[in-house]
Structures are given as structure tokens and as C-alpha cells.
Amino acid sequence: MTKSVSERAPRGPDAPGPWLAGIGVLAVEADPGEPFVRLPDPTTKVIVRSEGRGRPTLLVSGPHVRATYHAGKRDVSCVEVRLAPGATRPLLGVPAVDLVGRIVPLGALPGPAARRLAYELGRLEPEEVAGRLADVLPDRLPTAADGARAALLRAAVTALSVRSGRTPGHVGEVARELAVSERQLRKLFSDGVGLSPKHYARIDRVRAVLAHATELAPAELAAVTGYYDQSHMTSDFRTLMGVPPRSYFTGRLPAPRACQVIDSR
């Protein structure tokens, strides 16, 4: 995150439930002197984007598999509602895998679910969007089986994620713990997350490295985030972030590109 961009929490539902993974605001406060970094992110987000005095735009941002570096814009803010694993299809009518690497106008997604949601949310203030999503999601799970699949997916995501006091499990181990085949696990992740379990775990580990890099020595950081050793951590970091850890944390970043790309397929 650059100095020109700040995050704060908007007013949201008191109990967002299991279908929302987080809510936040991203705001550019001045002409950025450094690029805006869009980190690898395994979640799908519903975004209310405001620029200047124009009317807010409703967007869907799919999983982002590698870091990108953008030239920021002044007077832009986004309310971002992060969907929990398994919430994308019930809410938006499409599997998460169809959104990987895309930023799409909400109303441009195929099917009536997204168009109806765009109409509902378009009448609200940006800070009211998260509460509305928390209200409508439970009613859009058509069967108990869908809820059971989502619960299984969330358990797998938790097992593959970096957590305090426990290193993440390997894909085969997690599949055995949950009594499913690795093929079944891949299908669950494709539909509900958009990525393979292995790619999800890689992104989660790199995000943990970013979050804790100033707290731990590199070798210890590699161990607690599930890497075999420091060199494997550095290699994964370079692949997903485009630069090695030392370059990233000292500000030697790739040249930024234009920030706003909307895919309306």
C-alpha cells in the first residue's frame, strides 16, 4: 500500500454472517507520488467506486492472481465488500472462476441475479451496500446442499490458510481431513473461490508474508507461513509480486500502468 492510499472501515452490518469476508474503504487522498499496488487477492469483491462528484459505479472484482502496479488517481474512493468462499454464485449467478482477473460492471454480468442486485444496490448510499448484501445472501441459497458445500469449502480454505499457532496444511492432507478427493476439492475451489487450492494457498502465504514482514526475521517468517525454507518463500514472492521481497519493501517497484481497466465481456 502506498502513502497516497488509505483504508478505513465504513459503517456496516453488526453481524455480517458467514457470507461476507470483510468490508473496507480504499481512498486516494492526493496526487500519488508512488504507484498504487494491487496485491494478489483470492477473494471476489463487490465494489462501489466513486470518482469526484460523479455517480458511484457498481463493479465486481474477481480474484487477482498476481500483483499489479498502477498510477493512482486523485479523488477516487471505493467501498469494497469481500465475499466469503462460496458466496459468488448464489449472489451473482456466476461461478467464481469466470471472474478471475476481471473487473466487471455488476449489471453487465449474465443472468437476472446480477441485474437485480445492481438495481437494488444502485438505489443505496455506498455505506449501506454491505448491510444489504448481508441481508440478501442467505435467501439466495436455494438448497441445503449448497449450504453444506459452502461450509465444506470454508473449512478447506481455513485449513489451507496461514493462522496463528498453526502452519497451513498441504492440499492432499486437507482433502483427506475433509474426506473428499483432491479432484472434488479442486471443483469446490473452482466454483466457490475461482482458483485451485494450491494457487489459493500460494496467494494466502504471500499475503501473510506482506502482513508480517516487519515482525519476524526472514527464516522465521518462512517457517510460520508454511514454506520449506527462505529461498522458497523468496521465489514464490517474486512470482506473485513481480519483485523479490527486498526490492518490494525498499520501494524498488515495477513501473506503474494505467489504473482503471474494466472488462465488460
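## Ground rules

Residues are counted from 1 along each chain as its sequence is written. In this predicted model, local features need pLDDT of at least 70 and side-chain atom pairs pLDDT 80 or more, while totals for chains, interfaces and linings use all residues, and side-chain values use heavy atoms, leaving out hydrogens and water.

Helix 9 covers residues 230-241 (helices are DSSP runs of H or I, at least four residues, and strands are runs of E, at least two, numbered from the N terminus).

Met233, Asp236, Phe237, Leu240 and Met241 are the buried ones here (buried means under 20% relative accessible area, with a 1.4 Å probe and protein chains only). They fall within an arc of 110 degrees seen down the axis, so they line one face of helix 9 (the arc uses directions from the helix axis to the C-beta atoms).

## Meet Met241

Methionine 241 has 0% relative accessibility, so it counts as buried. Among the residues it touches are Leu39, Tyr69, Val206 and Tyr248 (contact means heavy atoms within 4.5 Å). Tyrosine 69 is 172 residues away along the chain, yet the two C-alpha atoms are separated by 9.5 Å.

## The core

Phe189, Met241 and Tyr248 have the most contacts inside the largest nonpolar core, which has 31 residues (a set of buried Ala, Val, Leu, Ile, Met, Phe, Trp, Tyr and Cys residues joined through side-chain atoms within 4.5 Å). Helix 7 gives the largest share of this core, six residues.

Methods: The expected span of a helix is 1.5 Å times one less than its number of residues. Buried means under 20% relative accessible area, exposed over 50%, partly exposed in between (1.4 Å probe, protein chains only). Lists of a residue's contacts leave out its neighbours within four places in sequence.
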